[in-house]
Amino acid sequence: MREGKLSGDRLQNDAKEIELKLLFDEDHAAALLAHPLFARGDAEPSGPRVLESKERELLSTYYDTPDDRLRRAGVFLRVRRTGTGYVQTIKTARAESEFLERSEWECPLPTQDFDLSAAAGTALEPLLSDAVRKALCPRFETRFKRRTFLIDDDGSLIEAAVDQGEIVAAATRARVCELELELKSGKAERLFALARQLAETIPLTVSIRTKAERGFDLLDGGEPQFEKALPVEIPPGESCATAFQIAARNCLRQILVNLSGTRAGQPEALHQMRVGLRRMRAAVSLFGEIVEGPQCPEVAANLKWIASQLGPARDLDVFNSDIVHPHLAQFPDDPGWKAVEQRARKARDKALEAAVQAINSARCRQALLDLGAWIEFGDWTDGANRLGQEPIGAYAVAKLSRLRRSVLRKGKDLQTLSVADRHKLRIRAKRLRYGSEFFGATFPKKAQAKRLKKSLSALEMLQDSLGTLNDIANRQSVFDLGGEEYGSVALPMPKVDDSEEKTLMKKAKRAYARFADTRAFWKA
């Protein structure tokens, strides 16, 4: 491997990669390549025009140490054979606060060997200790055919790359069917405009996972079945508008990365996708004064609709795990519980089928594409709202304080609240919890961080206790499961021990007291 200096004709390209990635099924590849948009040439009077197209076989090798030190630092090193030569690329992982952008450094190579002298001034340079240099080795490969179209879209140059092939990691392989829209120059919002045109006839799903991430996942044993929310980092001096984008991109990632697991029927992936949707809805509500505009109601309605399509399957997952399976384990020969298990399983399968059908629908795919476009370039980003340019601190304090007062007020008489009012309190506690997680890094002092941890712990306990009480109150509606008949078999309704509800109420009151006694973390 080379360690020399770059020659004058091999200057490195240091730039931000601005790219929108979309997935398609292999069955739709031919239709995508045959799309009329890719056939439009210079003679077209208006609209996107294809300036040139190419087809290449690309073989890329990704390097890291055996313990993946580069990956853990969020850096990737790749050498690609293009058919006409070799290109070395150093990329950063897309930060949780980014959706379209990440840093990239490229340079041509005379051979397939990487050249670490090209790491000077890149994100890789600080990681190159002697031990790392010696340990770098091939980790996996990507092999695919790429068909590219250089498109002039109203003065913006966009490269559309249709990739078909595979990722190869040891003896494991994963299929690649991706459309990458990369901005070469011009306005980034044109990426979404182009994607919308293609998505009108081709089922395309927005994705945030890179080939590098997928390759390392294969080395780890396969794509993760689910992903929980990553930490949100909103600096103290950030503007309100950018703060919303940081939070919303984080939520969007949680939604998108759990799509495949939800399609595969993984209960935890479905749960995490719902959590991502709830967090996104909470962000839209918290930043309501920042993002208000004609587009916001439709965004909110789409988020609510997607969440509603996942709800029944998730409710049945909880019902099965909390009620059916424990009772069946306790009474394995009881014909009633066997019938309940059969009924619940069929109901869950039916609900999951409906959920998968919904997230595979054109409406859902378009809604997620529009959501990404709205976060980045929606009508609220035009700069007309001066509040969006104000520092986030004061805005966060006002929103969190209002939510805190609401939780404190509603929770005072917790023992006497109706089921409906307890549910409202739980929703408020959940919103405050999400808001606290969004703004935790905005108030970074040690004392504030300590109070945040205590507050989040109390809110989580309160939310969980009230949630279980709500589940108990609504068990019969879930238990009915559509009223299927099982002959003369009596379906037993699980009895709730009075002590269970009393224990949960004590737990909720204890959590409320802990929360009330903890000073607001955003205060100095």
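Modeller: A search of the whole structure, which is a predicted model, finds 14 aromatic pairs. In one of them the rings of Y63 and F114 have their centres 4.9 Å apart and their planes at 75°, and because planes over 60 degrees apart count as edge-to-face, the pair is of that kind. The two partners come from distant parts of the chain, with Y63 in strand β2 (residues 49–64) and F114, 51 residues away, in the loop between β5 (101–109) and α3 (130–135). Y63 counts as buried because its relative accessibility is 7%, under the 20% that sets the limit, and F114 is likewise buried, with a relative accessible area of 2%.

Another pair is formed by F287 and F439, whose rings lie 5.7 Å centre to centre with 50° between the planes, an arrangement that is tilted. Since F287 lies in the loop between α8 (267–286) and α9 (288–291), while F439 belongs to helix α14 (residues 419–439), this pair ties together parts that are 152 residues apart in sequence. F287 is buried, with a relative accessible area of 0%, and F439 also counts as buried, at 0% relative accessibility. Both of these residues belong to a cluster in which ring pairs link F244, F287, W374, W380, Y395 and F439.

Methods: Residues numbered from 1 in each chain as written. Predicted model: local features only at pLDDT ≥ 70, side-chain atom pairs only at ≥ 80, totals over all residues. Heavy atoms only, no water. Phe/Tyr/Trp six-rings, centres within 6.5 Å; stacked < 30°, edge-to-face > 60°. Helix = DSSP H or I, 4+ residues; strand = E, 2+ residues; numbered from the N terminus. Buried < 20%, exposed > 50% of the residue type's maximum accessible area, 1.4 Å probe, protein only.
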